[in-house]
Amino acid sequence: MFIDSHCHLNYKGLVEQEREVLARARANGVQGMLNISTRESEWDAVIGLAEREPAVWASVGIHPHEADQHGDMTSAKLAEKARHPDVIGIGETGLDYYYDYSDREQQQASFRQHIVAARESGLPIIVHTRDAEDDTARIMREEMEQGAYSGVIHCFTASADFARIALDLGLYISLSGIVTFKNAKDLQEIAQTIPDDRLLIETDSPFLAPVPHRGRTCEPAFVSDTARFLAELKNIEIESLAAQTTSNFFRLFSKAA
């Protein structure tokens, strides 16, 4: 049994066939899915699906691409929405300097508001980082000094050094279908060093379909393919990896338990 720790079920490509997507996931042993929000306008729909469907949970957050459009977002507003019983995480948030769709200072301010909300709510933060390792690490360290919080680096594609920083801060690392790509040798090497008790798996649906589904719309059912690849990479039984990553998910996202 698997948990897809990060998917976007309300995105185009999945939302039009919601029932079928959920049915295929469950038929492939995916017992739970964390549906991630990226802008305030999505919050009610994401929470609504969690209310309707068992073992589908919600997050509330603002993606760094959307930071400029949410300049008035506060930790208090995030924490208030996170009181809903089906909201189990804060995010996704973080920094993305690859596209720079939002001003970098605004991204950083938004990121800090999310961390404060995570601290206030007791929920883990879901971190996106791309081409922004130094600033992401700096902010996470500075905020940890202000008070402890938990979280996960989602869809990890960063360096080994950044992985060590995240782990030293007590965060978890989640791997997506990218790890199955032929050109992801560096990531595959890092994956083998991630402690078993800090590893999560995800699809980031509808993006990044793993081998053997490249070119298709990704969906939660495919998290089993990523899990099988990782089990072989780490030389462990698939049942062991499934049990460990599921246990890790419920330890981190304890509200889901």
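How many disulfides does the structure hold? The answer is zero. This is a predicted model.

**Cysteines**

A disulfide is a covalent bond between the sulfur atoms of two cysteines. Cys7 is in no disulfide. Its nearest cysteine sulfur belongs to Cys218 and is 9.3 Å away. Cys155 has Cys218 as its closest cysteine partner by sulfur too, at 9.8 Å, and that is too far for a bond. The cut-off for a disulfide is 2.5 Å between the sulfur atoms.

Both residues can also be described by their burial. Cys7 is buried. Cys155 is buried as well.

| Cys7 | Cys218, 9.3 Å | 0% |

Eight strands form an open sheet. Their order is β1-β2-β3-β4-β5-β6-β7-β8, and the pairing is parallel. Which strands lie at the edges? They are β1 (2–7) and β8 (199–201), and each pairs on one side only. Neighbouring strands are turned by 30° against each other on average, with direction ignored.

One pair shows the detail. Strand β6 covers residues 151–153, and strand β7 covers residues 172–175. The two pair in the parallel sense over two bridges. Here Ile153 stands opposite Ile173 of β7.

A helix joins the picture. Helix α4, residues 104–121, packs on the sheet. Helix α4 touches β4 (87–96) and β5 (125–130). The direction of α4 makes about 160° with that of β4.

Notes: Residues numbered from 1 in each chain as written. Predicted model: local features only at pLDDT ≥ 70, side-chain atom pairs only at ≥ 80, totals over all residues. Heavy atoms only, no water. Buried < 20%, exposed > 50% of the residue type's maximum accessible area, 1.4 Å probe, protein only. Pairing = 2+ DSSP bridges. Helix = DSSP H or I, 4+ residues; strand = E, 2+ residues; numbered from the N terminus. Axes fitted to C-alpha atoms, helices over the stretch in contact; angles between N-to-C directions. Contact = heavy atoms within 4.5 Å.
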